[in-house]
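Here are my notes on this model. Please read them with the structure open.

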Amino acid sequence: MVEQQRKADNHAGIAIVKIEAEIGVSLGSGLIFKNARFDGDAAGSGSAAQVFLRRINRFGAFLQETGTADSGLGGASVLREALHLLPRENYLYYGDNANAPYGDRTYADIAVLTEKSVSAMADFGIKAAVIACNTATATCIDALRGAFPFPIVSIEPAIKPACETEGSGRVLMLSTAATASLPRYKHLLSTMKDPSRVVSVPCPGLVERIERGCFAADAFDDILEKHLSFLEGETIDAIVMGCTHYVFIKKAFARYASLHFKGKAELFDGNAATVRQLGRVLKANNIENPCGSAHVEYRTSGDKARLDPIFRSLIAR
């Protein structure tokens with residue numbers, strides 16, 4: 001029995017060395033893999049064969065994809081940022097296009113749909129998730145973090161950097177109706193130095209048009225006029241795009257601002273900050289991928305044949 005264990009240990013050690021040499025990565029310890037936590041391979045923690053199995057599971061966690069979920073195509077703007085800032089990760093994107101947009105739904109509906117989206121990604125074995133939807137974050141992020149074993153990163157409207165812009169003009173926060181009305185956003189707003197400077201404007205209609213694949217700068221004048229005409233001639237220092245879909249129509253916002261507002265109307269979004277936080281979370285959990293290739297797998301509850309070309313074009317813009 002002792003001799004068999006010695007041989008198993010020897011084979012395990014050789015296998016580890018071969019794998020490490022092939023991939024150029026040390027299979028050390030301390031990762032989350034699905035529902036199990038591997039807290040180390042210290043002396044006395046088991047035979048080399050057992051250590052080998054733990055380390056192989058640990059390496060599997062490296063290779064698992066990072067999930068990104070959104071109600072539709074908007075989260076592709078966050079994923080695009082991730083591909084730029086974290087190019088060695090591989091990604092799974094899930095868009096709940098069949099139920100988009102979330103912004104006009106009840107809070108209960110939003111929570112249920114978001115949980116289903118994250119569950120769908122979890123079934124593929126992701127190592128972490130990004131909720132790339134401001135509405136979903138404001139509705140149920142705490143519940144999601146309590147329901148899943150992997151780390152979950154969320155996005156919030158970038159009103160803090162927007163409020164730090166110089167000037168005496170207003171800061172517009174454009175979002176879905178749900179985001180602007182939820183307690184999480186209202187609390188965030190209350191922490192600003194001068195909350196009265198921020199004008200929160202729900203903009204229903206924008207997401208639906210973007211979901212149809214419309215991105216031209218002059219294609220949203222009617223919707224923006226409907227929601228923003230009461231600010232005609234005002235000095236606007238900053239515009240916060242409080243929905244990840246909106247990032248794809250920056251030119252539409254810039255066009256409208258140049259025609260109807262005074263001030264520089266600088267555009268802000270929370271995408272880069274969210275991806276930087278994702279990077280910190282992956283590092284803190286020791287699950288950074290050292291050898292990924294920014295591969296993206298696309299999943300949707302909608303018509304994939306129609307949506308896949310739009311999605312691919314968005315992450316390449």
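1. Ala129 has Ile152 in β6 as its bridge partner. This is a predicted model. The strands β5 and β6 (residues 152–154) run parallel to each other, paired over three bridges. To get from β5 to β6, the chain passes through helix α5 (residues 134–147), and this β-α-β crossover is right-handed.

2. Now look at the other pairing of β5. Strand β3 (residues 66–70) is paired with β5, also in the parallel sense, over four bridges. Here Thr68 sits opposite Val130 of β5.

3. Check the side chains of β5 (residues 128–131) next. Ala128 and Val130 point one way, while Ala129 and Ile131 point the other way. Buried or exposed? All four are buried.

4. Ala143 belongs to helix α5. Why does Ala143 count as exposed? Its relative accessibility is 55%, and the cut-off for exposed is over 50%. Ala143 and Glu115 are 28 residues apart in sequence, yet their C-alpha atoms are 8.9 Å apart in space.

5. Last, the largest pocket. Its volume is about 380 Å³. The lining comprises 18 residues, with Ser154, Glu156, Ala273, Thr274 and Gln277 nearest the centre. Two elements, β6 and α12 (271–284), each give two or more residues to this lining. Of the elements, α12 gives the most, with six residues. What is the make-up of the lining by class? Eight residues are nonpolar, four are polar and six are charged.

Key. Residues are numbered from 1 along each chain as its sequence is written. This is a predicted model: local features need pLDDT of at least 70, side-chain atom pairs count only at pLDDT 80 or more; totals for chains, interfaces and linings use all residues. Side-chain values use heavy atoms; hydrogens and water are left out. Buried means under 20% relative accessible area, exposed over 50%, partly exposed in between (1.4 Å probe, protein chains only). Two strands pair if DSSP finds at least two bridges between them. A crossover is right-handed if, with the strands pointing away from the viewer, the path from the first strand over the helix to the second runs clockwise. On a 1 Å grid over the protein atoms alone, a cavity is a set of points where a 1.4 Å probe fits but cannot get out, and a pocket is an open set with protein on both sides within 12 Å along at least five of seven lines; lining residues have an atom within 4 Å of a point. Grid points are joined across faces, edges and corners, and a volume is the space filled by probe spheres set on the points. Ala, Val, Leu, Ile, Met, Phe, Trp, Tyr, Cys and Pro count as nonpolar, Asp, Glu, Lys and Arg as charged, and the others, Gly among them, as polar.
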